[in-house]
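Trainee: I'd like to learn how to read a model like this one, feature by feature. Could we go through it together?

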Amino acid sequence: MEEVALDTTIRLHAMSPSDQAGHSTCACRRAKMAPVAPPDLLMPAPATPVPGPSHDAATLRLSVAPMMDWTDTHCRVFHRLLAPGALLYTEMVHANAVILGDRTRLLAMDPVEHPVALQLGGSDPALLAQAATIAAGHGFDEVNLNCGCPSDRVQAGRFGACLMREPALVADCVAAMCEAVAAAGHAIPVTVKCRLGVDDDAEYSRFRAFVDAVASAGATQVIVHARNAWLKGLIPKENREVPPLRYDWAYRLKRERPDLDVLLNGGIADEAAALQHLQHVDGVMLGRAAYHDPHLLHRLDCALSGRAPRTRGALLVAMRPYVEAQLAAGVALKHIVRHVLGLFQSQPGGRQFRQVLSEGSHRPGADWELVERALAATGWPSAAGAG
Ligand SMILES: Cc1cc2nc3c(=O)[nH]c(=O)nc-3n(C[C@H](O)[C@H](O)[C@H](O)COP(=O)(O)O)c2cc1C
């Protein structure tokens with residue numbers, strides 16, 4: 001999670017007292033974890049990794065990043081339509097909010113979204129275990145732990161990127177989540193999304209020791225946002241741009257830990273780059289590029305699956321049954337169409353498309369007819385081929 005907006009405060013305010021005080025409640029897992037090496041030592045591969053379920057290789061190849069305020073259920077339904085083969089991630093939800101909050105809203109998910117992972121925030125193993133079990137019972141296909149968010153408020157709660165400095169605690173969390181999910185009879189992976197390090201960390205060995213610790217605890221997959229997080233002095237937005245990307249660390253991790261699923265994230269902006277990274281890692285995760293230019297997500301999914309690309313207009317029209325069902329259920333059009341504004345990015349009529357939808361969708365009674373009008377501004381259907 002990078003920007004923590006106001007309507008998400010429940011997720012952050014719902015932190016447990018132990019999260020807030022910075023105490024772990026679960027020391028009992030320690031015995032099952034591999035020791036964490038000093039940062040300057042290269043650790044050997046974990047000798048006895050805890051076996052856990054994994055996604056199949058095809059599912060891992062393309063995913064859409066968790067993005068607070070963006071990847072809600074409407075967004076994910078749209079992304080599923082664009083990319084039937086992609087793994088989708090929710091926004092981050094704090095474990096305590098999952099346990100105590102309004103689950104209908106926080107865990108909203110449409111059946112078409114599968115496979116979809118719930119991203120959790122937190123650092124209390126017992127709470128995370130409980131939240132992971134709830135998520136699995138709710139039907140999520142994976143539970144992911146956020147170790148990458150640098151925001152001040154998240155740091156204050158002792159979760160997100162600052163956990164990169166606490167590999168033993170993260171391993172406790174992962175082990176507790178794996179155990180609880182399995183004990184409840186669910187076979188879903190527990191995974192971690194992390195950075196390369198924090199602040200001026202510059203040792204690959206420290207990064208790999210972190211990954212080894214979470215893998216030994218049962219994480220089957222790591223998503224590497226391939227830059228450091230600066231915990232002081234940079235706002236979250238800058239933390240997605242300023243620290244330099246180091247894709248070579250993720251490539252090296254995959255070479256040295258071939259049994260671990262390694263997904264690469266950060267700055268992947270076009271098909272050529274994604275396909276090139278896939279020669280080195282198991283999967284690529286796209287965030288901003290997929291959101292701002294959704295047709296890129298579609299083209300990439302087609303390139304990986306061999307499916308024939310569909311036009312932007314055809315893809316939008318395919319959203320109609322979902323949009324009309326949501327309108328009938330009382331959802332305002334603006335909550336859905338805000339996610340499609342980039343569909344005609346850099347295309348003829350793209351600006352008008354965006355304008356018609358942004359201006360009109362806030363009006364009471366806005367319905368599918370507005371979408372048709374926006375589409376007409378792009379020349380659809382006469383320009384269907386170009387769309
Ligand atoms: C608006 C926004 C919200 C984000 N929220 C989250 C989040 O909830 N959890 C998380 O792990 N990362 C979050 N991120 C970071 C992205 O998942 C991703 O790691 C980052 O944007 C780099 O990938 P990209 O260059 O493909 O965008 C967010 C990013 C953006 C732009």
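Predicted model: local features only at pLDDT ≥ 70, side-chain atom pairs only at ≥ 80, totals over all residues.

Trainee: What is the geometry of the peptide bond from W380 to P381?

Mentor: The general idea is that most peptide bonds are trans. Here the bond from W380 to P381 is cis, with omega near 5°. The bond from H114 to P115 is cis too, its omega being near -5°. P115 belongs to the loop between α6 (103-106) and β3.

Trainee: And phi? Where does D69 lie, and what is its phi?

Mentor: As a rule, most residues other than glycine have a negative phi. D69 is not a glycine, yet its phi is positive, about 75°. You will find D69 in the loop between β1 (62-64) and α4 (73-82). R158 is another non-glycine with a positive phi, about 60°, and its place is the loop between α8 (152-156) and α9.

Trainee: Is R158 buried or exposed?

Mentor: R158 counts as buried because 21 C-beta neighbours fall inside 10 Å; the cut-off for burial is 20 or more. D69, with 16 other C-beta atoms within 10 Å, is partly exposed.

Trainee: How do I read the packing of two helices, say α18 and α19?

Mentor: Two packed helices are described by the angle between their axes and the distance between the axes. For α18 (residues 350-360) and α19 (residues 368-376), the axes come within 7 Å and cross at roughly 160°. That makes the two helices roughly antiparallel, since angles over 145 degrees count that way. The crossing is right-handed. On the α18 side the contact uses F353, V356, L357 and G360, and on the α19 side L370, R373 and A374. By class, that contact has five nonpolar, one polar and one charged residues.

Trainee: What angle and axis distance do α9 and α10 have?

Mentor: α9 packs against α10 (residues 204-216) at an angle of about 25°, with the axes 8 Å apart. The pair is therefore roughly parallel. This crossing is right-handed. P167, A168, V170, A171 and V174 of α9 meet A209, F210, A213, V214 and S216 of α10. The classes here are nine nonpolar, one polar and no charged residues.

Trainee: Which residues does A131 contact beyond its sequence neighbours?

Mentor: A131, a residue of α7, counts as buried because it has 27 C-beta neighbours inside 10 Å. Leaving aside neighbours within four places in sequence, A131 touches A95, V98, I99 and L120. A95 is 36 residues away along the chain, but the C-alpha atoms of A131 and A95 are separated by 5.3 Å.

Trainee: What does the whole protein look like in numbers?

Mentor: It has 19 helices and eight strands. Of its 387 residues, 50% are buried. Among contacts with a separation of 6 or more, 77% join residues 24 or more positions apart.

How values were computed:
Residues numbered from 1 in each chain as written. Axes fitted to C-alpha atoms, helices over the stretch in contact; angles between N-to-C directions. Helix = DSSP H or I, 4+ residues; strand = E, 2+ residues; numbered from the N terminus. Parallel < 35°, antiparallel > 145°, perpendicular 65-115°, else oblique. Left-handed = near helix turned anticlockwise from the far one by under 90°. Contact = placed C-beta atoms within 7 Å. Nonpolar A, V, L, I, M, F, W, Y, C, P; charged D, E, K, R; others polar. Buried ≥ 20, exposed ≤ 12 C-beta atoms within 10 Å, placed from the backbone.
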